[in-house]
Amino acid sequence: MVYGEHEFAGKLFVVEGTDGSGKSTQLGLLYQWLKAEGYPVFFSEWNSSPLVREITKRAKKRTLFTPTTFSLLHATDFADRTERDIIPPLKAGAIVLADRYIYTAFARDVVRGCDPEWVRKIYRFAVKPTVRFFFRAPLEVAIERILIGRPELKYYEAGMDMGLSDDPEESFKLFQGRILDEYDKMVPEFGLTVIDASRSIIQQQHQMRRIILPHLKDMK
Amino acid sequence: MAEMNFYGTPLPYIDHKPYPGKLIVIEGTDGVGRSTHIAELRAWLEAQGHAVSDTGMARSDLAGKGLKEAKLGHTLGRLTMQLFYATDFADRLENEILPALRAGFIVLTDRYIYSAIARAVVRDIDPDWARALYDFAIVPDAIFYLKIKSVNELVMRLISSGRGFDYWESGMDLSLGEDFYESFVLYQSRLLEEFNRMSLEYGFHTINASRSVARVSADLRRAVTAIIEPMAPALEPADSPEVIARLRQDLTVKPKKRKKPAL
């Protein structure tokens, strides 16, 4: 039950990064490739449990969250994901790919005002991933990617609950900047593998595959 | 005014000023009469002109409904369930309990973090982690632990109340025994052990709940009075015959109808 102490036959690869860093695209490509290569692979996304999704939706509409309830509700969802989606396939010896993991919570909840140590304690039950990719995009690039084709930013997405600015776009920029700072702090703390997300999609994918290949021996 | 003390890391983003209200916790295993005593205390305090608010597990706006649904469907894993309860607690603490305490209310809470921790620990969850979840909880002004002598007594109460055995109160998710009865006895015994252990750790004020409702009530009233009015003149002994008689009257809801003798 303690981070780093689980031992499973399977492998867990996770991608992290700010919105607009291209991490989901990269994980999707990796998934297709692993499947085509004949590996048993399972895909897990953040915010996937139906129960929590419904509560989140309802609560976000009414801006009912405090930093702590926001954090705990996401931790609940993550625990559900761990118990249902992550541990069983890992025990069975499969590859599990996760789009966002505990580091998302560490960045987001701390920026929202939770105590960093407390948030880390809450997630102690998480399985330590085999490789933890951090897609690092310069702030301007990420913001541009998100704002294109999106006329309006959502309340929580823009971090409007933090009172950084009354202008959603300005608030969003400040919020994402702080998130990026938190990720940077976590690189040495958790041994995140940094991928330069300003490189081409193909270059990034190539680099990802090269990094995970040594972990895939005897997985088929 | 009471200082705002936290069990662990304080909530970083809230006002930590002393508050004028009182936070009073009624804890105890299932079926010891917590809700009866809370209702009684509330009516009694309100009659004295106090502003009272009460709350209890799984009653939050945010997570209450979801928790009840999850319990009906038995769909969540052990860790998920603990975190869901912590979410419910956080919502009630920040949106109900703290505002009420700041406004000078006496907040009566049916269970607090201790039940949640006990339930987690008897499910083999790391006790340190279970406590860390509730680091942000404030230390109450008093914790009354309604303690029952034995699980057998609890079983008898359950049967005579006509409620019968409930899936969660019997810890059926743990597969401890062959049936509801066996499972209930084993599960509740473990909970009792856990409560006894926590009693010292958290400084419970233990009240013997294996007595009549009136006697337990008298003890509670006396103890609560000591908390809300530290300067109050000495009271008459809470278990004097007069007090017990008055309490019996207060607590009597309806006199039982007598059956007409058959002709």
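Among contacts in chain B of this predicted model that join residues at least 6 apart in sequence, 74% link residues at least 24 apart. With that in mind, let's walk along the chain. Chain B contains nine helices and five strands, and reading along its sequence gives the order β-α-β-α-α-β-α-α-β-α-α-β-α-α. Of the 263 residues in chain B, 40% are buried.

The largest nonpolar core has 122 residues, and within it B:Val107 and B:Tyr134 touch the most other members. Helix 3 of chain B, residues 78-102, is the biggest contributor to this core, giving 13 residues.

Now turn to helix 7 of chain B, which runs over residues 180-202. Its 23 residues reach 31 Å from the first C-alpha to the last, close to the 33 Å expected at 1.5 Å a residue. The buried residues of this helix are B:Ser183, B:Phe184, B:Tyr187, B:Gln188, B:Leu191, B:Leu192, B:Glu194, B:Phe195 and B:Met198. Among the elements that cover them are helix 4 (113-121), strand 4 (142-147) and helix 6 (151-161) of chain B.

Let's move across to chain A, where a pair of helices is worth a look. Helix 3 of chain A packs against helix 4 of chain A (residues 102-112) at an angle of about 170°, and their axes are 10 Å apart. An angle over 145 degrees counts as roughly antiparallel, so that is how helix 3 and helix 4 of chain A are related. From helix 3 of chain A, the contact uses A:Pro67, A:Phe70, A:Ser71, A:His74, A:Ala75 and A:Phe78, while helix 4 of chain A brings A:Ile102, A:Ala105, A:Asp109 and A:Arg112. Sorted by class, this helix-helix contact has six nonpolar, two polar and two charged residues.

Finally, let's see where the chains meet. The contact takes 26 residues from chain A and 26 residues from chain B. On the chain A side, helix 2 (50-61), helix 3 (67-91) and helix 5 (116-122) each supply at least two residues. Helix 3 of chain A provides the largest share of that side, with 11 residues. By class, the side of chain A that touches chain B has 14 nonpolar, five polar and seven charged residues.

Terms used. Residues are numbered from 1 along each chain as its sequence is written. Chains are lettered from A and ligands numbered from 1 in the order in which they are written. This is a predicted model: local features need pLDDT of at least 70, side-chain atom pairs count only at pLDDT 80 or more; totals for chains, interfaces and linings use all residues. Two residues are in contact if their C-beta atoms, placed from the backbone, lie within 7 Å. Helices (H or I, at least four residues) and strands (E, at least two) are DSSP runs, numbered from the N terminus. Ala, Val, Leu, Ile, Met, Phe, Trp, Tyr, Cys and Pro count as nonpolar, Asp, Glu, Lys and Arg as charged, and the others, Gly among them, as polar. The expected span of a helix is 1.5 Å times one less than its number of residues. A residue is buried if 20 or more other C-beta atoms lie within 10 Å of its own, exposed if 12 or fewer, and partly exposed in between; C-beta atoms are placed from the backbone. A nonpolar core is a set of buried Ala, Val, Leu, Ile, Met, Phe, Trp, Tyr and Cys residues joined through C-beta atoms within 7 Å. Axes are lines fitted to C-alpha atoms, for helices over the stretch in contact, and angles run from 0 to 180 degrees between N-to-C directions. Angles under 35 degrees count as roughly parallel, over 145 as roughly antiparallel, 65 to 115 as roughly perpendicular and the rest as oblique.
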